Amino acid sequence: MSDTVSPVKYFLSGGFGGVCTVLAGHPLDTIKVRLQTMTVPGPNELPLYSGTWDCAKKTVSKEGVRGLYKGMAAPLCGVAPIFAISFFGYGVGKRLQQSSLDEKLMTIQLFYAGAFSGIFTTVIMAPGERIKCLLQIQHADAKPKYKGPLDCAKQLYREGGIKSIYKGTCATLLRDIPASGIANWLVGMPPDILKSRLQTGYKNTEGQ
């Protein structure tokens, strides 16, 4: 029996799974980004958030549950093509290592194929991550700079062109190329912190 799957089925099934992933995981992603980018307190100051639960409580109390879903439109719009491109890149990565279509690959070769797919997805992922992070760090007690994903993209383009929209691409590549399930975060968290801080213009300066 052929193991060939229609690209349309890949797109639809991967897209639906990706949407479910975003809906379930975005609140935790918002908390993660806010913890990664919060200003370092001075000698006699308390940190803005003491941890994950404290960040969640303060966000909900000041901004409501919707505050946890800030910036979700960007990943939702990109998740279907990202999954489709990921499957495509994975297939290309496998094919490059095969001498014939029915050749079985070793585990390390499958890892290389998965890493190769991360290069493909970054083209869409990096701008979406940049916009998402900027919207996520907009707090209720300050006047928001961006009205939404489209406004954010327009302002970034006006300020620095396409280069500004793709800021943090290298860090995104460092995070996504070795991605492999739960194990990904063992190697992915450091570049993810770099990515979030680069994309939001984080300044590790007391009093700022």
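Analyst: Start with handedness: helices α4 and α6 cross in a right-handed way. A crossing is right-handed if the near helix is turned clockwise from the far one by less than a right angle, and left-handed if anticlockwise. Helices here (H or I, at least four residues) and strands (E, at least two) are DSSP runs, numbered from the N terminus. This is a predicted model, in which local features need pLDDT of at least 70 and side-chain atom pairs count only at pLDDT 80 or more, while totals for chains, interfaces and linings use all residues. Residues are numbered from 1 along each chain as its sequence is written, and side-chain values use heavy atoms, with hydrogens and water left out.

User: Which residues of α4 and α6 make the contact?

Analyst: Contact means heavy atoms within 4.5 Å. On the α4 side the residues are G118, I119, T122, M125, A126 and E129, and on the α6 side they are T169, T172, L173, R175 and D176. Sorted by class, this contact has 4 nonpolar, 4 polar and 3 charged residues. In that sorting, Ala, Val, Leu, Ile, Met, Phe, Trp, Tyr, Cys and Pro count as nonpolar, Asp, Glu, Lys and Arg as charged, and the others, Gly among them, as polar.

User: At what angle do the axes of α4 and α6 cross?

Analyst: Two packed helices are described by the angle between their axes and the distance between the axes. Here the axes of α4 (residues 107–136) and α6 (residues 169–176) cross at roughly 130° and come within 9 Å. That makes α4 oblique to α6, because angles under 35 degrees count as roughly parallel, over 145 as roughly antiparallel, 65 to 115 as roughly perpendicular and the rest as oblique. The axes are lines fitted to C-alpha atoms, for helices over the stretch in contact, and angles run from 0 to 180 degrees between N-to-C directions.

User: Does A113 count as buried or exposed?

Analyst: Buried means under 20% relative accessible area, exposed over 50%, and partly exposed in between (1.4 Å probe, protein chains only). A113, in helix α4, has 0% relative accessibility and so counts as buried. Setting aside residues up to four places away in sequence, A113 touches G89, Y90, G93, K94 and Q97.

User: What does S117 touch, and how does S117 count by accessibility?

Analyst: S117 is also placed in α4, and its 8% relative accessibility means that S117 counts as buried. Beyond residues up to four places away in sequence, S117 touches S86, G89 and Y90.

User: How does G114 count by accessibility?

Analyst: G114 lies in α4 and counts as partly exposed, at 21% relative accessibility. Apart from neighbours within four places in sequence, G114 is in contact with Y90 and I177. G114 and P178 are 64 residues apart in sequence, and 7.9 Å apart in space from C-alpha to C-alpha.

User: Where is I193 found?

Analyst: I193 is in helix α7 (residues 184–200). At 28% relative accessibility, I193 counts as partly exposed.

User: How many helices and strands does the protein have?

Analyst: The protein has 7 helices and 0 strands. Of its 208 residues, 38% count as buried. Among contacts with a separation of 6 or more, 70% come from residues 24 or more positions apart.
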